[in-house]
Amino acid sequence: MWFYVDRVLVGYQVADAAAHERPRGNLSDLYPRWLGARELLLRERNPYADDITREIQEGYYGRVLDASQPNDPRDQQGFAYPVYVVFLLAPLIGLPFHAVQIFFHCLLLGLTIASVWMWLRVLRWRLPVLGVAICVVLTLGSFPAVQGIKLQQLSLLVAALMAGSAACVASGFLFSGGVLLALATIKPQLAWPLVAWLLVWSVSEWQMRRRLVFGFGLAMALLAGGAEIVLPGWLRMFVEAMGKYHRYTQNQSVLLAPWAVAGVFVAGAVFASAFFLGRLRGERVDAASFGRGIALVLALTVLVIPMYAPYNQLLMLPAVLALVRDRKVFVSGSRALRFAYVAGACALAWQWMGSLFLSGSYLLGSKTWAMSAWKLPFFATFALPVFVFALMLLDVHRSQRGDCAKHAA
């Protein structure tokens, strides 16, 4: 996968950009946030302002985008984050950006590895060392992880923060879990479904779980209050920046359907998830069903958020791990259930089959042909979240039926 991305995918992108005179700079998704943080904290400049956006484009694309150039990218790369993200990046603003890239590359590698261990803990799945190593290798070799690490995408940081929050909660450290959950809201569209679920879970047993709410509330108050001090009125600016972002990127969910159709599916998915999660709100943190509930929430998040960037699919890691752990239930079920499980497994494995085939073609055959067929590993990108969510929903339903049967017996 890493070879495919470095030689085939990036090779195609470089050649295509040269052919269409499309600008290419550092292309780091961290750069807009880092530059905005530096300018705000060191020079008190508004990171949402148009002049900062133009400076970001000079670094990200190599020049300011020109609306008169039809081949220029549509993504303006504005600072479309809550301003309190600058507090997380503050230790890095005094370094040259090349050093920041190297540090963040290593940081995301380490956090992604740690996330595997943390999700295994949340799911109460004890694997031997070799099993954990296989999970780590496959995770680091998945396209969402490779893309996120190479782009220095903050989505991977958010995924690690959510994994840390869930692991803290599962270990009984509820206050710390709430703090990490608040930090994950630097990407609100990814974090708030999990925030909503954990707050509902906390309220259902308030006396025992209120520390999670206190930790989350205190951290959010500090983040929002600190943001208001460094940039008064930031919330209005952030909302406006998000509106601009969605207009120039025209993002949509992985469902790739008109809203009239996708909206019905999304509503059904949210309603079905709420129905099953409602039965889990009283579950203890040491129960396997608690981990299944979090995995279902994150699988739903990837399905419904209005952005289909592959790196966001790393949020499905706990769901994939849960489905692999519970594989005997699926393969011993009905023919339809087995077919759905095998189809989901094939959708997951397709990225590796495609990258292996194109890497072999690049080395042993035609480099030009391999680069022209760069889309091959992406053919299952939009199907995978649907399969993972549907199978996770069935897994939660199956576990609840089993629990009911035990109680009846």
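Because the model is predicted, local features need pLDDT of at least 70 and side-chain atom pairs count only at pLDDT 80 or more, while totals for chains, interfaces and linings use all residues.

**First stop: H1 and H7**

Select residues 2-19, which form helix H1, together with residues 143-151, which form helix H7; helices here are DSSP runs of H or I with at least four residues, strands are runs of E with at least two, and both are numbered from the N terminus. Two packed helices are described by the angle between their axes and the distance between the axes. For H1 and H7 the angle is about 60° and the axes are 9 Å apart, where axes are lines fitted to C-alpha atoms, for helices over the stretch in contact, and angles run from 0 to 180 degrees between N-to-C directions. The two helices are therefore oblique to each other, since angles under 35 degrees count as roughly parallel, over 145 as roughly antiparallel, 65 to 115 as roughly perpendicular and the rest as oblique.

H1 passes H7 in a right-handed crossing; a crossing is right-handed if the near helix is turned clockwise from the far one by less than a right angle, and left-handed if anticlockwise. Now show the side chains of Trp-2, Tyr-4, Val-5, Asp-6 and Leu-9 in H1, which meet Phe-143, Val-146, Ile-149 and Lys-150 in H7, contact meaning heavy atoms within 4.5 Å. The residues of this contact divide into seven nonpolar, no polar and two charged, where Ala, Val, Leu, Ile, Met, Phe, Trp, Tyr, Cys and Pro count as nonpolar, Asp, Glu, Lys and Arg as charged, and the others, Gly among them, as polar.

**Second stop: H2 and H5**

Select helix H2, residues 30-43, and helix H5, residues 97-122, whose axes come within 11 Å and cross at roughly 125°. H2 and H5 are therefore oblique to each other, and their crossing is right-handed. In this contact Leu-30, Tyr-31 and Trp-34 of H2 meet Phe-97, Val-100 and Phe-104 of H5, and by class the residues are six nonpolar, no polar and no charged.

Move on to helix H14, residues 288-304, which packs against H15 at an angle of about 130° with the axes 8 Å apart. The crossing of H14 and H15 is left-handed. On the H14 side, look for Ala-288, Arg-292, Ala-295, Leu-298 and Ala-299, which meet Pro-318, Ala-319 and Arg-325 in H15; the contact has six nonpolar, no polar and two charged residues.

A search of the whole structure finds two cavities of 30 Å³ or more. On a 1 Å grid over the protein atoms alone, a cavity is a set of points where a 1.4 Å probe fits but cannot get out, a pocket is an open set with protein on both sides within 12 Å along at least five of seven lines, and lining residues have an atom within 4 Å of a point. Grid points are joined across faces, edges and corners, and a volume is the space filled by probe spheres set on the points.

The largest cavity holds about 140 Å³ of space; to find it, select Phe-143, Gln-313, Gln-351, Pro-377 and Thr-381, which lie nearest its centre among 13 lining residues. The largest share of this lining, four residues, comes from H17.

For the second largest cavity, with about 70 Å³ of space, select Ser-115, Trp-119, Ala-159, Ala-160 and Leu-314. Here H8 gives the largest share of the lining, five residues.

Helices H6 (129-140), H15 (317-325) and H17 (335-364) each supply at least two lining residues, with H17 giving the most, five.

**Last stop: Val-213**

Finally, select Val-213 in helix H11, residues 206-230. Leaving aside its neighbours within four places in sequence, Val-213 is in contact with Leu-199, Ser-202 and Trp-206. Val-213 lies 28 Å from Val-320, C-alpha to C-alpha, and 107 residues from it in sequence.

Note on methods:
Residues are numbered from 1 along each chain as its sequence is written. Side-chain values use heavy atoms; hydrogens and water are left out.
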